[in-house]
Each structure stands twice: as C-alpha cells, then as structure tokens.
Amino acid sequence: MLHFAHEDVDDAELERLRGLYGSFTDAVRDLVDATIRTEVDEDTLHAVQAEIEAATARLRTKQLDGPYGVRVTPTGKSMAWGNAAVGLRNAAAPPMVINHDGKGSSWAEVDLGAAYEGPPGLVHGGVAALLLDHILGETGSFGRRTNLTGTIEIKFLRATPLGPLRVEARIDRDEQYKTFVVGSISDAEGVTVQARGVFIVPKWARDQGDLWGSQQ
C-alpha cells in the first residue's frame with residue numbers, strides 16, 4: 001500500500017535531521033564496506049558481531065511498524081528517506097545525491113564501492129539499473145508531477161567499473177500523462193550504460209496534485 005504522509009517540520013529542523021541521520025547512515029554504510037573487506041582474526045570478528053547485535057537491539061527498542069514511506073513537509077520538500085536508491089536513512093542505498101537544473105535535466109556524482117560489485121571490480125548490472133530507474137523517474141517528476149515507472153529500457157555498452165561515476169538524465173518529451181526520459185552512466189572514459197524510460201502519472205494522482213513535493 002502506498003504510504004504518503006505529511007511531516008510537520010520546518011526547513012531548519014529538516015536540515016538538522018538530515019545531518020543527524022545522514023551522518024549515522026554514512027557510518028553504517030562504512031560498516032557494510034568494512035564487513036566485505038575485513039580480514040581480522042576470528043576472535044575479533046566474534047567480538048565485533050556481539051557489539052553490532054547489541055547496537056541493533058538498542059535501535060530496535062523504538063522503531064516504525066513498517067517501511068518509512070514518503071513524507072512531505074509543509075514547504076513541499078519530500079523525505080523519501082527509506083528509498084532503495086537515494087534514501088538518507090538507507091545504508092544499502094548507493095550514496096547518490098541528485099542535482100536538478102530546473103530545465104528538465106538532472107545529474108549525480110556517485111562513488112560505488114565494494115557493496116555494489118557484480119563481476120570482479122565492476123558494478124552489478126542491477127545496481128546500474130537501479131540508479132538509472134531512479135534518476136530517470138525523479139527527473140520526469142521533479143517540481144512537476146508524480147510519475148511512476150511504466151517501462152524502462154537499458155543498454156549496456158560496456159562494463160562499468162567500481163569507483164567514481166556520473167549519472168545523468170533529461171526529459172525527452174511529454175505526452176499527456178506520460179513523460180519520456182533518457183539517461184546514462186559514465187566513467188572517466190565515457191558512457192557505459194544508456195537508458196530510456198516512460199513514466200506515467202498514476203490514476204490516483206491525476207487529480208491530487210504533486211504528492212511527492214520536491215525530491216530530497
């Protein structure tokens with residue numbers, strides 16, 4: 001079930017929360033990377049596991065019953081903080097921050113580490129698809145209207161290496177309740193993956209305005 005909610009916080013409090021949870025999530029993301037690459041001895045591993053389990057138990061003492069959903073502040077800023085692609089509170093999400101030019105184009109600089117590997121030293125194809133699906137969808141809806149993915153076509157030109165990458169998208173055209181968006185992933189040598197998608201305003205949103213607000 002779709003979960004949109006209003007969050008009664010002003011912009012100053014929103015920035016405070018972003019700093020608080022963003023820093024915490026970065027620490028957990030770093031833990032994930034360390035978990036993959038550690039070569040400590042068995043005793044150290046058991047000790048750290050106990051510490052992690054104790055920390056998890058502390059966090060479980062007060063939590064939501066379900067997923068985070070999307071929350072919108074009184075000034076129209078959205079808090080999609082559980083999102084799998086850009087969630088501020090989701091350590092599994094690639095550390096992608098999307099920039100918008102206000103004219104239908106978006107981009108992000110992202111550095112993908114060990115947690116996003118598929119073939120040795122390369123980005124998993126599903127992760128590339130995740131990044132592109134999200135930036136195409138957000139580009140099509142940012143400051144305009146709520147869109148959900150209708151179809152998306154991805155073309156892998158060559159393998160994408162782990163490390164610093166640029167993800168881009170732009171609106172190609174609109175047709176009533178459909179927005180056509182194209183995008184790509186590039187490394188220092190050029191484009192590695194291309195994508196095009198059709199994003200559709202769902203029936204429940206056509207008469208309700210923009211439920212998501214500006215993406216944050």
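Helix α3, residues 125-141, lies across β4, β5 (105-112), β6, β7, β8 and β9 (190-200) and runs at about 135° to β8, where helices (H or I, at least four residues) and strands (E, at least two) are DSSP runs numbered from the N terminus, and where axes are lines fitted to C-alpha atoms, for helices over the stretch in contact, with angles from 0 to 180 degrees between N-to-C directions. The model is predicted, so local features need pLDDT of at least 70 and side-chain atom pairs count only at pLDDT 80 or more, while totals for chains, interfaces and linings use all residues. Residues are numbered from 1 along each chain as its sequence is written, and side-chain values use heavy atoms, leaving out hydrogens and water.

The 6 strands form an open, antiparallel sheet in the order β4-β5-β7-β8-β9-β6, two strands being paired if DSSP finds at least two bridges between them. Because β4 (99-100) and β6 (148-156) stand at the edges with a single partner strand each, one side of each has no neighbour in the sheet. Within the sheet, β7 (residues 163-175) and β8 (residues 178-187) pair over 9 bridges in the antiparallel sense, and Arg170 stands opposite Val182 in β8.

How values were computed. Contact means heavy atoms within 4.5 Å.
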